[in-house]
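Q: Please take a close look at one part of this structure, and describe it for a reader who is new to it.

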Amino acid sequence: MYIPSSRSFGKSQILFRDYTNRKEVELLLLELLDDVCFRLRMHQVVAQTIHLSIGYSKQTGGGFSRQKKWDELRV
């Protein structure tokens, strides 16, 4: 049986319209984060690295991706 060396928990969603309102974007991100955090708690694991990737239409730039380890994050 294959056992991966590291586990990954993520969530993605395809949106059917463009979101330009900051509050709506924040709400969408919080909903995705809430789902991932719920699954982390269910598996009783703690995240070491946070990775955020956002893609959007090529006309507005195409998107971006960033990753940080907990010890690199400022609170």
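A: Lys-23 is exposed, with a relative accessible area of 62%; exposed means over 50%, buried under 20% and partly exposed in between, with a 1.4 Å probe and protein chains only. This is a predicted model, in which local features need pLDDT of at least 70 and side-chain atom pairs count only at pLDDT 80 or more, while totals for chains, interfaces and linings use all residues. Residues are numbered from 1 along each chain as its sequence is written, and side-chain values use heavy atoms, with hydrogens and water left out.

Lys-23 forms a salt bridge with Glu-26, where the closest N and O atoms are 3.9 Å apart. A salt bridge here is a side-chain nitrogen of Lys or Arg within 4 Å of a carboxyl oxygen of Asp or Glu. Both residues lie in helix H1, 3 residues apart, which is about one turn of the helix. Helices (H or I, at least four residues) and strands (E, at least two) are DSSP runs numbered from the N terminus.

Glu-26 also meets Arg-22 in a salt bridge, at 3.0 Å from N to O. Arg-22 and Glu-26 are separated by about one helical turn because they are 4 residues apart in H1. Arg-22 is exposed at 65% relative accessibility, whereas Glu-26 is partly exposed at 30%.

Another salt bridge joins Arg-17 to Glu-24, with the closest N and O atoms 3.0 Å apart. Arg-17 is partly exposed, with a relative accessible area of 43%, and Glu-24 is partly exposed at 30%. A search of the whole structure finds 4 salt bridges.

Of its 75 residues, 4% count as buried.

Helix H1 also gives the most to the lining of the largest pocket, with 9 residues. A pocket is an open set of points on a 1 Å grid over the protein atoms alone, where a 1.4 Å probe fits, with protein on both sides within 12 Å along at least five of seven lines; lining residues have an atom within 4 Å of a point. This pocket is lined by 42 residues, and those nearest its centre are Leu-29, Leu-32, His-51, Leu-52 and Ser-53.
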